[in-house]
Amino acid sequence: MPTPAIISKLPAVGTTVFTVMSALAAEKNAVNLGQGFPDFPCDPALPGLVSEAMQAGFNQYPPMTGVPLLRDAIAAKVAAIYGHRYDAASELTVTAGATQAILTVLLCCVHAGDEVIVIEPAYDSYVPAIELAGGVPVFVQMVVTPDGYAIPWDRVAAAVTPKTRLIMINSPHNPTGSIMRPSDIAALREIVAGTDILILSDEVYEHMVFDGQQHESICRYADLRERAFVISSFGKTYHVTGWKVGYVAAPAALTAEFRKVHQFNVFTVNTPMQHALANYMRSPAPYIELPAFYQRKRDLFRAGLEDSRFRLLPSDGTYFQCVDYSAISDMPEADFAKWLTTEIGVAAIPVSAFYQHAKESGIVRFCFAKKDETLQAALAKLSRA
């Protein structure tokens, strides 16, 4: 009997480049600097707190919105860092990671035919989530300047139409390592002023901003946060990407709509891990120390590439380093990434994979969230490229 036919809701979507490159790295026994996850353990106190929570009996459904202790801790942290206290009961929701949060935001507020402005290169879940919501992605590409990637706000403004429902922003930015600055905030404010345009602010790398610079969270700005869903990730902050726990901060009216969808696409999030995170957040040290921790790794990696044929682009945030390889090869980015993995022994991600229609700039992305010995092994190999 033939398999029943199904019309795909995402006909253009295949296996992600991250899965492809990680599989190739494993096959070739290459150093994997492709997919963005640490290869070092988290603080052993954190899984210890999970065990304590399990032993204490926190193994059943928590509240749909998240464990109250954790939401209180998030509210206190955001207030301490960004100067605005969200109401823990009505404005904060714990999610199954940032990707679920992104999809839920789009499902709750984007209707069929609504336009969503996406700034490329962009995290690969953005466009499929828009399409699942029935929205229409409208693309604005970042420009590469001598100072790195920058958002052309004049083009963003030109992309706004009466159908624009939402603008998606991401800072610190994956994959480019760029960050938004006060001038970017000013430009965004001007674009949305007097409109009903919403903002999705993906801030999962909020604690990875380097060289003494400030993370320009949307939470800081009253006129922006009143129309914004701000998303963060415990997985990125505490080196536990496999836990898939994050949160969304938004005004009460937006949160009410978010929760209507949240309760039906995930309902709630792992109970003992929420209790563990709430207890772990009693100390701010882990996220306060994170910029210095990753800046040292960034500097180690950059120093190791200074005498290579790779041209380093700025990395002001995240744990990613983009490089221009045009002095090495004129291969398309995907082909170069495969060559680098197969022949040199280091896996990277082609930045073209972060565009809906592949844009070739001769740039690949490395992840430096790795043990020092992993980075040193990769650098020894990359010096031969």
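Author: Let us begin with Ser308, which sits in the loop between α13 and β11, keeping in mind that the model is predicted. Ser308 counts as buried, because its relative accessibility is 18% and the cut-off for buried is under 20%. A polar atom of the Ser308 side chain lies 2.7 Å from the backbone oxygen of Leu305, and a polar atom of that side chain also lies 3.2 Å from the backbone nitrogen of Phe310.

Leu305 leads us back into helix α13, which runs through residues 290-305 and has 16 residues. From its first C-alpha to its last, α13 reaches 23 Å, close to the 22 Å expected at 1.5 Å a residue. Its buried residues are Leu290, Tyr294, Lys297, Arg298, Leu300, Phe301 and Leu305, and these cover an arc of only 160 degrees around the axis, so they lie on the same side of α13. Among the elements that cover these buried residues are the helices α9 (234-237), α12 (285-288) and α15 (372-382), together with the strands β11 (311-312), β12 (320-324) and β15 (363-367).

One of these covering strands, β15 (363-367), brings us to Cys367, which counts as buried at 0% relative accessibility. The cysteine sulfur closest to that of Cys367 belongs to Cys322 and is 11 Å away, which is too far for a bond. Cys42 is also buried, with a relative accessible area of 17%, and its sulfur is 16 Å from the closest cysteine sulfur, that of Cys367, again too far for a bond. A search of the whole structure finds zero disulfides.

Technical notes:
Residues are numbered from 1 along each chain as its sequence is written. This is a predicted model: local features need pLDDT of at least 70, side-chain atom pairs count only at pLDDT 80 or more; totals for chains, interfaces and linings use all residues. Side-chain values use heavy atoms; hydrogens and water are left out. Helices (H or I, at least four residues) and strands (E, at least two) are DSSP runs, numbered from the N terminus. The expected span of a helix is 1.5 Å times one less than its number of residues. Buried means under 20% relative accessible area, exposed over 50%, partly exposed in between (1.4 Å probe, protein chains only). The arc is that of the directions from the helix axis to the C-beta atoms. Contact means heavy atoms within 4.5 Å. A polar contact is a pair of N or O atoms within 3.5 Å; within protein, one must be able to donate a hydrogen and the other to accept it, and residues adjacent in sequence count only if both atoms are side-chain atoms. A disulfide is a pair of cysteine sulfur atoms within 2.5 Å.
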